[in-house]
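Hi everyone, thanks for coming. Have a look at the picture first, and then I'll talk you through it.

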Amino acid sequence: MSLTPSPGHELPSEHYLNATYGIRSWLLTTDHKRIALLYLASVTFFFFIGGTFATMIRIHLLTPNGYLVTPENYNKLFTMHGVAMIFFFLIPSIPAVLGNFLIPLMIGAKDLAFPKINLLSWYIYLVGGGFVLYSFSTGGLDTGWTFYTPLSSVYSNSAVTPAVLGVFINGFSSILTGLNFIVTIHTMRAPGMTWFRLPLFVWAHYATSIIFILGTPVIAITLLLAGLERMFHLGFFNPVLGGDPILFQHLFWFYSHPAVYIMILPAMGVISEIIPTFSRKTIFGYTFIAGSSIAIAVIGFFVWAHHMFLTGQSPYAALTFSLLSYLVAIPSAVKVFNWTSTLYKGSISYDTPMLYALGFIGLFLIGGLTGLFLACLGLDIHIHDTYFVVAHFHYIMVGGAVMGYVGGLHFWWPKITGRLYPESLARIAAVTLFVGFNLTFFPQFILGYLGMPRRYHSYPPEFQVLNVMSTAGASILALGYLLPMIYLVWSMRYGKVAGRNPWPATGLEWQTDSPPLTENFDVTPEVTWEPYDYNNRPELGLAVTGEPSLAPAHGDD
Amino acid sequence: MVYITAVCVFFAVAITTAIVLFFFKYHRKSADDIGVPIHGDSRLEAAWLVIPAILALTMFAGGAVVYVDYRRAPLDTLDIYVIGKQWMWKAQQPTGLREINELHVPVGRNVKLILASEDVIHDFSVPAFRVKMDVVPGHYNTMWFRPTKAGRYHFFCSQYCGTNHALMGGWVTVMDPSDYAAWLSGSSDANANPVVAGEKLFAEKACNTCHLSDGKGRAPSLNGLYGAKVLLADGSTVTADDAYIRESILDPKAKIVAGYQPLMPTFQGQLTEEEILSLTAYIKSLGAQPVPATGAGIAPATGKK
């Protein structure tokens with residue numbers, strides 16, 4: 001197998017992890033790679049918190065009347081699960097960890113454009129997270145992660161104000177990260193790294209950064225208004241004070257729908273790196289994959305009111321938003337077709353990142369196709385606000401975004417730590433995750449179609465069998481998440497030394513040491529090759545078959 | 001539904017098969033193998049842009065037809081008011097009969113529910129009828145359905161509304177028309193009649209001191225108002241429906257009838273949603289009264305209902 005490193009590999013004597021020592025060297029670092037690791041630790045912490053809430057939810061739903069927690073506490077569990085997972089794990093996970101670590105390496109730069117602002121983003125994230133944890137531990141939060149008014153701004157008795165402030169503050173972290181990425185990608189590419197030689201991972205992050213910058217301010221303002229209404233009774237959304245609760249939903253979804261693309265686009269970027277690497281061939285339709293990332297980011301801003309088909313909004317608005325929602329499905333479909341075609345006549349290996357990538361395509365496919373049901377106005381009347389929706393967005397966010405994140409962690413783990421993870425254990429974990437995930441969430445599609453509403457602490461007994469299946473799946477899923485947490489930490493010390501380019505892959509990040517120097521490269525690299533072009537890279541030491549390819553990757557698109 | 005499922009299953013199976021097939025067929029033969037470089041194919045790209053787009057448009061069209069029909073209730077409906085409040089549902093039949101967490105309807109009639117909320121956003125949902133609609137404070141939403149089979153069907157609150165959201169449900173009882181009529185008369189209560197209750201409130205709240213029926217008061221006569229077009233001070237017109245009447249009671253200065261001063265005080269916080277519905281029912285009943293020659297503020301072209 002290609003995975004076995006040749007025996008001669010040794011860790012480089014000097015790299016970003018051993019350049020300096022001590023707690024100060026980490027807390028005051030401006031190295032994008034160290035900041036990425038700080039984010040890795042903190043998003044993992046929030047994933048653990050969110051996961052604990054999810055576990056309690058699934059245990060509670062084992063029986064129709066639920067004996068584990070009171071209705072109030074159940075409502076707090078699903079709310080805090082959503083807030084922790086969405087705002088503090090999913091949104092920052094791939095951009096702030098993998099994006100932060102890899103974008104400068106991939107474009108041949110020494111760091112991001114604004115290293116200090118990068119560190120500042122992490123501290124802002126911590127402050128926001130602190131407020132939210134304060135809310136969780138002093139009364140909790142029971143508004144749903146959607147903070148719908150006037151429930152959140154008037155009627156809720158839980159700690160809404162600190163939570164809203166926490167999410168508000170955390171928004172600035174996203175904005176600064178997006179700004180940093182855009183400036184870096186525009187100004188710091190190495191000689192020869194043209195726009196159409198950029199790895200698709202970078203394109204995906206460029207599209208994501210656009211959403212960060214344009215969308216996040218809107219949610220920040222919206223939550224601030226809800227907070228002001230709660231604290232000072234200013235009437236924005238409460239009809240008794242002359243406000244309109246539907247206005248809140250428009251503002252909220254204007255960000256929160258594109259936020260779904262913040263989660264999935266970077267994962268698509270990860271998949272677009274993994275698939276050519278483990279098929280050892282150039283990606284099929286480079287420009288179409290890059291362009292579809294931008295198309296998703298742009299069209300994604302014009303579909304928000306499909307969350308509101310049944311709020312009583314004008315039927316004309318509903319028709320428009322349904323049509324646009326169907327349109328946003330097209331660029332996603334284009335990506336899936338291109339990934340699948342990339343496999344054709346490849347040299348495919350069964351390494352763990354590839355298992356995650358193919359799992360991603362399968363789960364994203366189901367998540368995406370069930371979106372067609374929800375975008376359909378007539379069908380949405382029935383399945384809106386049921387478990388069908390819950391299953392749909394978990395397929396996208398967990399089946400898609402989290403699979404992409406975990407797959408990406410495995411793929412770049414040798415670069416981040418200099419060591420390999422244990423391959424066979426990792427394959428077992430990948431398959432466990434896939435099976436556990438489907439067993440958890442597929443029954444929820446059926447539950448939703450049968451009419452079980454979301455956010456119910458108790459349910460009619462006819463829904464019990466499917467709920468038990470879902471909980472059984474969740475316990476397998478939990479095991480699938482615990483395994484990598486354990487062996488990845490183990491491999492940091494005991495894993496085999498990886499060498500510069502264990503797979504081998506074609507990206508610039510693999511041309512430098514593992515782990516890289518603090519400055520990333522000894523000399524600024526010059527790019528003379530097209531992306532993913534295995535045929536013109538003799539230094540990778542692979543057997544070049546067939547005629548060497550001369551056309552640029554996007555030449556015949 | 002069947003169409004979308006068929007298309008989705010087709011694509012899911014096709015792509016999964018392709019992936020599994022390629023995965024095994026093109027498995028790496030030796031450690032230093034590489035794949036055949038294929039950069040793309042513009043005909044294929046065009047095909048998988050256009051074909052899914054066409055399929056998506058047909059799905060959109062199918063859903064749109066159902067939705068537009070659902071949002072536009074037929075004219076001959078049996079109107080029932082439903083009020084959601086944390087955490088119960090109150091329904092009021094046209095006769096004024098009230099129910100809590102129960103709803104009785106006859107087979108074969110088009111039933112329209114007019115939905116109002118006392119507090120937060122709720123959602124009235126009957127999975128067996130494939131219908132639901134949000135119940136939004138400050139708005140009236142409507143939904144309609146036509147029961148076809150007698151029986152008892154679950155209804156739920158589908159929009160998260162706080163602590164006992166999951167308990168805020170009940171049963172729709174669909175009855176044969178004769179049983180329904182018997183059920184209605186068996187428990188009739190004259191005082192519950194919303195028109196009577198509304199008339200009483202109209203006097204209690206001193207509405208009748210300004211809104212004189214002959215049009216000579218400080219406020220426009222309400223005779224013939226319901227359903228008519230009202231001419232406003234800014235020259236525009238508005239149809240006097242439930243939402244307009246509600247707004248005029250709670251926020252009288254929002255729309256001023258042409259030829260009148262904005263004198264009316266707000267009744268925000270002084271009336272429950274139920275009382276507003278009673279007043280509306282009473283004003284509706286005035287629709288049959290003759291419109292005075294002057295002072296109803298009704299736009300001339302439309303005439304009375």
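So, how many residues of chain A are in contact with chain B? In this model, 84 residues of chain A touch 71 residues of chain B, where contact is two C-beta atoms, placed from the backbone, lying within 7 Å. Quick housekeeping: this is a predicted model, where local features need pLDDT of at least 70, side-chain atom pairs count only at pLDDT 80 or more, and totals for chains, interfaces and linings use all residues. Residues are numbered from 1 along each chain as its sequence is written, while chains are lettered from A and ligands numbered from 1 in the order in which they are written.

Okay, back to the side of chain A that touches chain B. Helices that each supply at least two residues there include α3 (71-107), α9 (286-299) and α10 (315-343) of chain A. Helices here are DSSP runs of H or I with at least four residues, strands are runs of E with at least two, and both are numbered from the N terminus. The largest share, 14 residues, comes from α10(A). By class, that side of chain A has 48 nonpolar, 27 polar and nine charged residues. For the classes, Ala, Val, Leu, Ile, Met, Phe, Trp, Tyr, Cys and Pro are nonpolar, Asp, Glu, Lys and Arg are charged, and the others, Gly among them, are polar.

Next, let's zoom in on helix packing in chain A. Helix α8 (residues 245-279) of chain A packs against helix α11 (residues 352-375) of chain A at about 125°, with axes 9 Å apart. An axis is a line fitted to C-alpha atoms, for helices over the stretch in contact, and angles run from 0 to 180 degrees between N-to-C directions. That angle makes α8(A) oblique to α11(A); under 35 degrees would be roughly parallel, over 145 roughly antiparallel, 65 to 115 roughly perpendicular, and the rest is oblique. Which residues of α8(A) meet α11(A)? They are Ala267(A), Ile271(A), Ile274(A), Ile275(A) and Phe278(A), and they face Pro353(A), Met354(A), Ala357(A) and Phe360(A) in α11(A). The contact has nine nonpolar residues, no polar and no charged.

Helix α11(A) has another partner, helix α14 (residues 423-450) of chain A, at an angle of about 10° and with the axes 9 Å apart. That makes α11(A) roughly parallel to α14(A). Among the residues in this contact are Tyr356(A) and Leu363(A) of α11(A), plus Arg427(A) and Phe434(A) of α14(A). This time the classes are eight nonpolar, three polar and two charged.

Now over to chain B.

Last stop, a sheet. Chain B has an open sheet of five strands in the order β4-β10-β9-β6-β7, with mixed pairing; two strands pair if DSSP finds at least two bridges between them. The edge strands are β4 (102-106) and β7 (131-135) of chain B, each pairing on one side only. β4(B) and β10 (residues 170-175) of chain B pair in the parallel sense over five bridges, and Leu103(B) stands opposite Val172(B) in β10(B). Helix α3 (residues 177-186) of chain B packs on the sheet, touching β4 and β10 of chain B.
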